[in-house]
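Me: I have a chain open here and want to talk it through. Can we go over it piece by piece?

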Amino acid sequence: MIGNLGFFELTLFGIIALVVLGPEKLPIAARTVGRWYGTFRRASQRLQNEISSELQLLETQEMLKKELEQIRQSEQQMKAQMDALQQSLNRSKQHIDHQTAATWQQINAAADHSSANNPAAVSGENTTAPMNNYWFLLGDYDRRRRLPKAPFLPNYTADPLLSQPQNHP
């Protein structure tokens with residue numbers, strides 16, 4: 001506003017103010033106008049800053065919405081991939097279960113055939129055939145090497161001899 005006024009306009013404005021207000025009131029009026037002008041500039045600057053910060057906030061919110069949408073799409077894609085992997089694993093497990101069942105049937109059939117042809121197996125004598133359905137048992141060496149010792153937990157209600165203090169003379 002003032003930037004558009006030239007020197008001639010300012011001089012003319014000063015002369016008119018001097019004539020209207022007089023030399024006594026002109027400095028007081030100039031101070032008052034200066035204070036109002038400063039207040040107006042501070043208020044307009046504050047308003048501009050608030051509008052600018054609101055616009056930046058809106059832009060940031062829009063960016064966050066876009067990022068959130070991308071994250072949701074990625075999550076949906078990952079869920080679809082996980083479902084596909086789960087289905088694939090289920091199919092593989094079923095296939096392996098069928099193969100294992102067929103293998104066990106073959107082993108049991110072979111064991112039944114060998115026990116039918118072997119009179120020693122029928123009489124209960126020790127044979128070299130593996131024990132069927134005992135594949136999970138560990139030998140002594142493996143048991144000592146792989147399994148920790150079981151903790152000793154006395155059953156006080158079941159064994160009253162353990163719960164009584166023992167006095168040895």
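Me: Which residue forms a salt bridge with glutamate 75, and how far apart are the closest N and O atoms?
Reply: Lysine 79 is the partner, with the closest N and O atoms 3.8 Å apart. Keep in mind that this is a predicted model.

Me: Where do glutamate 75 and lysine 79 sit relative to each other in helix H1?
Reply: They are four residues apart in helix H1, so about one helical turn separates them.

Me: Is glutamate 75 buried, exposed or partly exposed?
Reply: Partly exposed, because its relative accessibility is 41%, and that class runs between 20% and 50%.

Me: How many salt bridges are there in total?
Reply: The count is two. The other pairs the side chains of lysine 93 and aspartate 97, at 3.3 Å from N to O. Lysine 93 and aspartate 97 are also four residues apart in helix H1, so the spacing is again about one helical turn.

Me: And what is the relative accessibility of aspartate 97?
Reply: It is 40%, so aspartate 97 counts as partly exposed.

Me: Switching to the overall fold. How many helices and strands does the protein chain have?
Reply: Four helices and zero strands. Along the sequence the pattern reads α-α-α-α. Helix H1 covers residues 7-117.

Me: What share of the protein chain counts as buried?
Reply: Of its 169 residues, 2% are buried.

Me: Which residues form the nonpolar patch on the surface?
Reply: Phe8, Leu12, Ile15, Ile16, Val19, Val20 and Leu21. Together they have about 720 Å² of accessible area.

Me: Take leucine 12 from that list. Which helix is it found in?
Reply: Leucine 12 belongs to helix H1. Its relative accessibility is 44%, so leucine 12 counts as partly exposed. That is over the 30% needed for a patch residue.

Me: Now pockets. What volume does the largest pocket have?
Reply: About 330 Å³.

Me: Which residues lie nearest its centre?
Reply: Phe13, Ala17, Ala29, Ala30 and Val33, out of 13 residues that line the largest pocket.

Me: How does the lining of the largest pocket divide by class?
Reply: Eleven of the lining residues are nonpolar and two are polar, with no charged residues.

Note on methods. Residues numbered from 1 in each chain as written. Predicted model: local features only at pLDDT ≥ 70, side-chain atom pairs only at ≥ 80, totals over all residues. Heavy atoms only, no water. Patch = residues over 30% accessible without salt bridge, like charges linked within 9 Å, V, L, I, M, F, W, Y side chains within 5 Å. Areas by Shrake-Rupley, 256 points an atom, 1.4 Å probe, with all protein chains shown as cover. Salt bridge = Lys/Arg side-chain N within 4 Å of Asp/Glu carboxyl O. Helix = DSSP H or I, 4+ residues; strand = E, 2+ residues; numbered from the N terminus. Buried < 20%, exposed > 50% of the residue type's maximum accessible area, 1.4 Å probe, protein only. 1 Å grid on protein atoms, 1.4 Å probe; cavity = no way out; pocket = protein on both sides within 12 Å on 5 of 7 lines; lining within 4 Å. Points joined across faces, edges and corners; volume = space filled by probe spheres on them. Nonpolar A, V, L, I, M, F, W, Y, C, P; charged D, E, K, R; others polar.
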